[in-house]
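Subject: Structure for you to look at

Hello,

Here is the structure I promised to hand over. Please open it and keep it in view while you read my notes below.

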Amino acid sequence: MEKFEKYQKYYNKEVQKIDKKLSNLLENKEPKSLYEPCSYILQSGGKHLRAYFVLLATKAVGGKLSQAYNAALSVEILHNFTLVHDDIMDSAEKRRGRRTLHIKYDVSPAILAGDNLI
């Protein structure tokens with residue numbers, strides 16, 4: 001069980017870094033009508049497995065994690081873009097326990113926010 005705990009601790013540490021970087025990414029961007037919905041979806045939590053796998057792959061080939069965070073965030077942002085559009089197409093009302101973008105902000109702003117993420 002010790003190895004699992006070690007990896008769990010490492011995963012949690014990296015996910016916290018990813019969360020913080022996503023949270024700061026669009027801070028104070030204008031226009032708020034576009035960037036507020038983008039921030040909302042990026043701060044909705046999640047496991048960030050795709051971003052974490054980018055970091056693991058970087059580490060596996062001897063790369064520097066400090067140089068891989070932008071790539072990891074890019075993968076996470078792309079994934080969130082797909083979720084926004086998927087939620088609209090499925091008429092989903094909740095994602096990760098929160099209102100979906102199109103429910104909170106309406107369909108048109110949600111589509112624009114999703115497109116902005118891409």
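Start with the order of the elements. Read along the sequence, the pattern is α-α-α-α-β-β-α-α. That comes to 6 helices and 2 strands. Please keep in mind that this is a predicted model.

Next, the chain as a whole. The C-alpha trace spans about 45 × 30 × 20 Å along its principal axes. The chain has 118 residues, and 38% of them count as buried.

**Helices α3 and α4**

Two packed helices are described by the angle between their axes and the distance between the axes. Helix α3 covers residues 49–60. Helix α4 covers residues 69–90. Their axes come within 8 Å and cross at roughly 155°. Angles over 145 degrees count as roughly antiparallel, so α3 and α4 are roughly antiparallel to each other. The crossing is right-handed.

Which residues make the contact? From α3 they are R50, A51, V54 and L55. From α4 they are Y69, A71, A72, V75, E76 and H79. By class, the contact has 7 nonpolar, 1 polar and 2 charged residues.

**Y52, in α3**

Now find Y52, which lies in helix α3. Is Y52 buried or exposed? Its relative accessible area is 7%. The cut-off for buried is under 20%, so Y52 is buried.

What does Y52 touch, leaving aside its neighbours within four places in sequence? Y52 is in contact with Y7, Y10, Y11, E14 and I18. Look at E14 in particular. Y52 and E14 are 38 residues apart in sequence. In space they are 7.1 Å apart, C-alpha to C-alpha.

**D87, in α4**

Then move on to D87, which sits in helix α4. Its relative accessibility is 4%. By the cut-off of under 20%, D87 therefore counts as buried too.

Again, leave aside the neighbours within four places in sequence. D87 is then in contact with A92, R95, T100 and H102. Which of its contacts is polar? The side chain of D87 makes a polar contact with the side chain of R95, at 2.6 Å.

Send me your notes when you are done.

Best wishes

Technical notes. Residues are numbered from 1 along each chain as its sequence is written. This is a predicted model: local features need pLDDT of at least 70, side-chain atom pairs count only at pLDDT 80 or more; totals for chains, interfaces and linings use all residues. Side-chain values use heavy atoms; hydrogens and water are left out. Helices (H or I, at least four residues) and strands (E, at least two) are DSSP runs, numbered from the N terminus. Buried means under 20% relative accessible area, exposed over 50%, partly exposed in between (1.4 Å probe, protein chains only). A polar contact is a pair of N or O atoms within 3.5 Å; within protein, one must be able to donate a hydrogen and the other to accept it, and residues adjacent in sequence count only if both atoms are side-chain atoms. Contact means heavy atoms within 4.5 Å. Axes are lines fitted to C-alpha atoms, for helices over the stretch in contact, and angles run from 0 to 180 degrees between N-to-C directions. Angles under 35 degrees count as roughly parallel, over 145 as roughly antiparallel, 65 to 115 as roughly perpendicular and the rest as oblique. A crossing is left-handed if the near helix is turned anticlockwise from the far one by less than a right angle, and right-handed if clockwise. Ala, Val, Leu, Ile, Met, Phe, Trp, Tyr, Cys and Pro count as nonpolar, Asp, Glu, Lys and Arg as charged, and the others, Gly among them, as polar.
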